[in-house]
Amino acid sequence: MNNALCVRLDSLEDTARLGRVLAEMATRVGTRLILLYGSLGAGKTTLVRCLTENLPGGGEAEVCSPSFTLCNEYPTCPEILHFDLYRTEEGHMEESFLEALERLGSLDAPLVIVEWAERVCPCDHRNFPASYLACSLTEKDGGRTANIASPGADRKRNLDFLRCMLKANNLPEQENYDVAASCRLRAAQG
């Protein structure tokens, strides 16, 4: 079985369904770190908005890209810390991001979502929890593909749960993986 899966997103409704699945990962599996990869306009912030709307308190959140503020906090359960590392220097992490990683081991751990995760220094990967996801979004043939990997120690459990939830939400897994996105995910795994 592959260490990653691919989902075709042909509409905003498909993205909303994927957001619902990722929210389930946070509440039922305990995933507390989601790394997002993709070019400008690939749909990273839209996916964060869809995920946020599916968590308790998400209706109160005003989700927008934190490109200039670095981090937005949303009053969800679990709390979301939404980082955008686009403007950070590659390999140089802001203190607030490192502090968020330290909080991942606590009982009230937030859900940390990172846009432009390719800018995370590989040395910071050692601070990642056992259960996390890496998702690469790419525009393709008028829609998008989401290549999702679970690089942590809990990969089999996470991918099995994802497959089950994707099927339940009418998001069929694709056989044709995006090679470039898969390479980015492999690099994310260290």
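In what order do the strands of the open sheet of eight strands lie? The order is S3-S4-S5-S2-S6-S7-S1-S8, with mixed pairing; two strands pair if DSSP finds at least two bridges between them. Helices (H or I, at least four residues) and strands (E, at least two) are DSSP runs, numbered from the N terminus. Strand S3 (71–74) and strand S8 (173–174) stand at the edges with a single partner strand each, so one side of each has no neighbour in the sheet.

This is a predicted model, in which local features need pLDDT of at least 70 and side-chain atom pairs count only at pLDDT 80 or more, while totals for chains, interfaces and linings use all residues. Residues are numbered from 1 along each chain as its sequence is written, and side-chain values use heavy atoms, with hydrogens and water left out.

Within the sheet, strand S1 (residues 4–9) runs antiparallel to S7 and is joined to S7 by six bridges. Leu5 has Ile148 in S7 as its bridge partner.

The largest pocket has a volume of about 310 Å³, a volume being the space filled by probe spheres set on grid points joined across faces, edges and corners. A pocket is an open set of points on a 1 Å grid over the protein atoms alone, where a 1.4 Å probe fits, with protein on both sides within 12 Å along at least five of seven lines; lining residues have an atom within 4 Å of a point. Of the 23 lining residues, Gly41, Ala42, Gly43, Lys44 and Thr46 are the closest to the centre of this pocket. H2 gives the most to the lining, with four residues.
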